[in-house]
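Biologist: I am new to this structure. Please take me through the terms used for it.

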Amino acid sequence: MTVAQRLAGLDALRGIAALLVMGLHANAVFHGLAPFSKGYLGVDFFLMLSGFLMARITEPRLAAGLDPRQFMVSRYKRFWGMVALGSLIGAPYLWLRADAQWWPFVPALLANIALLPWPVANLLFAANIPAWTIFAELVANAAHVFALRRLPNPALAALTALLGGLTVWVAMAWGSLDVGARPGHVWAAIPRVFFAYCLGICLWRWRQGRVLLPLPAPIVLAAMPVAIIGGWYAEWRGWQFDLAFVALLCPLVISAAAALTRQTWLGWLSGAISFPLFAVHLPILEAIRELGGNKAQAIPLALATALIIVWWTNRRDRRKALAQT
């Protein structure tokens, strides 16, 4: 079974998680989409999936001689362009958040474009708020290639259990796992980020591709949106829901989706737009609001922008491939 086949189901889940995060932010910007209020849990899914895939794909490459520093430079370059684009789109709104003052605006914009935090208006990435998640993933990736990959399984399990306990404390103290975007709770985000990430590593190391619970593709793909939207209607809105989603549901759907090998154009497209959509959607939503628009205009525009980015990227890659032949 090829890697591409194994990733087919995960590609679709990436797109679904990105849509859930966009639903969360569309509700914050425009209101009227309250069932997506737990959409921030899509971040935990992304982090767990990153740990899973890094253990599955990158750990063997590192063991075979890949330079960790070279890998992290490549990883940063892969993320940087899209996040920088989102920060540039968000620059006008950053100017408003900086109270039209050049001193907070310029360093914050330059830092955010470089995918670095710079607190403005009580936000780490005021030009493009979701960029904090990409920064957190890069930090987790660096910890993985330089340290976590060397941990034997018992030590990794103990670390994950410790992080799980701290994540329970964070969820109880803050009332949810919606922490990380603001300086006031950035330290509380550390257990959240690394618990999900390390659980992803454990999932691959212990299962090696064996499915925790075999599920049909429709159930796998519907699980996260049904849980988040259904949980809101059922009034399961406490911190307990967040922990159950991260510790139980995410490992189950990642494990089951990794076994879905049938690639469809819809699944491919969902995976292809996931990162562009995640990286640019919120600045677009905020810009449309400032221009007097509504969510019926902003959400399609964000999706269309992600599709254009995918089209342009594929066109560029085809040109490079042709130039090398």
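Modeller: Rings of Phe, Tyr and Trp pair if their centres lie within 6.5 Å. In this predicted model, Phe45, Phe46 and Phe278 form one aromatic cluster.

Biologist: How many aromatic pairs does a search of the whole structure find?
Modeller: The search finds 11 aromatic pairs. One of them joins Trp102 and Phe105.

Biologist: Why is the pair of Trp102 and Phe105 called edge-to-face?
Modeller: Planes over 60 degrees apart count as edge-to-face. Here the angle between the planes is 80°. The centres are 5.9 Å apart, and the limit for a pair is 6.5 Å. So the pair is edge-to-face.

Biologist: Is Trp102 buried or exposed? And Phe105, buried or exposed?
Modeller: Exposed means over 50% relative accessible area. Trp102 has 59%, so Trp102 counts as exposed. Buried means under 20%. Phe105 has 10%, so Phe105 counts as buried.

Biologist: What makes Arg237 a charge over the ring of Trp232?
Modeller: The cut-off is 6 Å from the ring centre, with the charge within 35 degrees of the ring normal. The charged end of Arg237 sits over the Trp232 ring, 4.3 Å from its centre. Arg56 lies over the face of Trp204, at 5.8 Å from the ring centre.

Biologist: Which residues have the most contacts inside the largest nonpolar core?
Modeller: Leu10, Leu13, Phe45, Phe52 and Met224 do, in a core of 107 residues. Helix H9 gives the largest share, 13 residues. Leu13 touches Phe45 and Met224, among others.

How values were computed. Residues are numbered from 1 along each chain as its sequence is written. This is a predicted model: local features need pLDDT of at least 70, side-chain atom pairs count only at pLDDT 80 or more; totals for chains, interfaces and linings use all residues. Side-chain values use heavy atoms; hydrogens and water are left out. A nonpolar core is a set of buried Ala, Val, Leu, Ile, Met, Phe, Trp, Tyr and Cys residues joined through side-chain atoms within 4.5 Å. Buried means under 20% relative accessible area, exposed over 50%, partly exposed in between (1.4 Å probe, protein chains only). Helices (H or I, at least four residues) and strands (E, at least two) are DSSP runs, numbered from the N terminus. Contact means heavy atoms within 4.5 Å. Rings of Phe, Tyr and Trp (its six-membered ring) pair if their centres lie within 6.5 Å; planes under 30 degrees apart count as stacked, over 60 as edge-to-face and the rest as tilted. Lists of a residue's contacts leave out its neighbours within four places in sequence.
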